[in-house]
Amino acid sequence: MDFDTIINRVNTGSNKWAITDQPEHRDVIAMTTADMDFATPKFVRDNLLPTTPILGYSEASQAYFDSIISWQKKYHHLTLTPEQIIPLTGVLPGLSFALRTITKSNDNVLIFDPVYAPFSSAIRNAGRHILNFDLTIDSQDQYYIDFDQLEHVLATQRVPLMILCNPQNPSGHLWTKSDLTKLVDLAKRYNTFIISDEIHEDLVFQPAAFTSLLEIPETDGIGLVISAATKTFNMPGGKNAYMFVKDEYLANQINTLIEAEFANGISTIGFNATTAALSKGEQWHAELIDYLRDNRDTAYKMFTASNIEPMLPQSTYLMWLDFTKTGLSDVVIDEKLINDAKVQLNLGSQYGENGSHWFRLNFATPKQQLVPAIERIITAFA
Ligand SMILES: Cc1ncc(COP(=O)(O)O)c(C=O)c1O
């Protein structure tokens, strides 16, 4: 597999590389939005169109469900039936439908700060109340949940829903089986539901291991998972994702809302992309992980020797960088990144207050682009 070729994404309508459409920023290296600078696998691109010459309306086929069911069984030990899988146009629409079904106006929805910014937007847009729970950094330089503190919050306020990001975006941290078991225990005790966004579940670097929320016993009535093959196989523009809901009553309620919003019509191309990726993708996925691991280790080593402090991602292709030691404000760091280093990163404060002084770097790019980008960042802040 070729992950080394640099593909020019300037003026291609890429969301990530849009900054380079501006002539003054033509030479910026974009390391923001979570897609990869690698070619989407050929076995996906070759299978996007229907087998007939008609691009008609589609529905989820048996092959689509089978591809998800066998991938989840093999990689994540989940046993699913087609009835438990709700096809979606994206993880975020799914998140919005689920949270609107599970909660009422003004309900508290707890998120763990810092986290993927659209979680807050989804809660706010639905007229619910965001309850930020700060993650803490442990002696291993990884995030952890202070469960005593979390229990205090759940015991003193009504929290009908918590949204978890596992693997965690922006840090790439993985919540362990023990974390998830504690979370489920608390959810049961305080009558709270858990939505787990597991979109990055296949981008994991051993010995770290991913555990799905649904692997924890007795989660059927208190938790659901939303995921997709789009990050793993670099096809988020295909717009396809899925929700796993084991509770039949809840699945019906969510489906009713999706149908009411006319959001049950899913792109033929998205269905085909997912089916091809999950049924033909094992080898490509294994080689991708090797390449990403090497990029991760290279980036981590380079930053460790600088005054920018990296958190080691156990998964994802995202690296969370602490710029505190530079003594500069977020705005100045952002300007220096673009104007001096000529690299664009995501501002950590977008991910919550806990993210201030941090920036997120996307390392899913050919090594020949990754190394100079990091050298430029380190030099600009030396
Ligand atoms: C944690 C997380 N959830 C959801 C999404 C978006 O998913 P989708 O494009 O399927 O809505 C992303 C994309 O970066 C993500 O990182």
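Lys-367 lies over the face of Tyr-291, at 4.0 Å from the ring centre. A charge counts as over a ring if NZ of Lys or CZ of Arg is within 6 Å of the ring centre and within 35 degrees of the ring normal. The charged end of Lys-336 likewise sits over the ring of Phe-381, 5.7 Å from its centre. The model is predicted: local features need pLDDT of at least 70, side-chain atom pairs count only at pLDDT 80 or more, and totals for chains, interfaces and linings use all residues. Residues are numbered from 1 along each chain as its sequence is written, and side-chain values use heavy atoms, without hydrogens and water.

Tyr-291 also belongs to an aromatic cluster with Phe-3, Phe-38, Phe-43, Trp-71, Tyr-75, Phe-233 and Trp-284. The structure holds 17 aromatic pairs. Rings of Phe, Tyr and Trp (its six-membered ring) pair if their centres lie within 6.5 Å; planes under 30 degrees apart are stacked, over 60 edge-to-face, and the rest tilted. Phe-3 and Phe-38 pair edge-to-face, with 5.1 Å between centres and 70 degrees between planes. They are 35 residues apart. Both are buried, that is, under 20% relative accessible area with a 1.4 Å probe, protein chains only. Phe-43 and Phe-233 are also edge-to-face, at 6.5 Å and 75 degrees. Phe-43 lies in helix H1 and Phe-233 in the loop between strands E9 and E10, so this pair ties together parts 190 residues apart in sequence. Helices (H or I, at least four residues) and strands (E, at least two) are DSSP runs, numbered from the N terminus.

Arg-360 is found in strand E15 (residues 358-362). Its side chain makes polar contacts (N or O atoms within 3.5 Å, one able to donate a hydrogen and the other to accept it; residues adjacent in sequence count only if both atoms are side-chain atoms). The partner side chains include Asn-169, at 2.9 Å, and Tyr-351, at 3.2 Å.

Notes
Buried means under 20% relative accessible area, exposed over 50%, partly exposed in between (1.4 Å probe, protein chains only).
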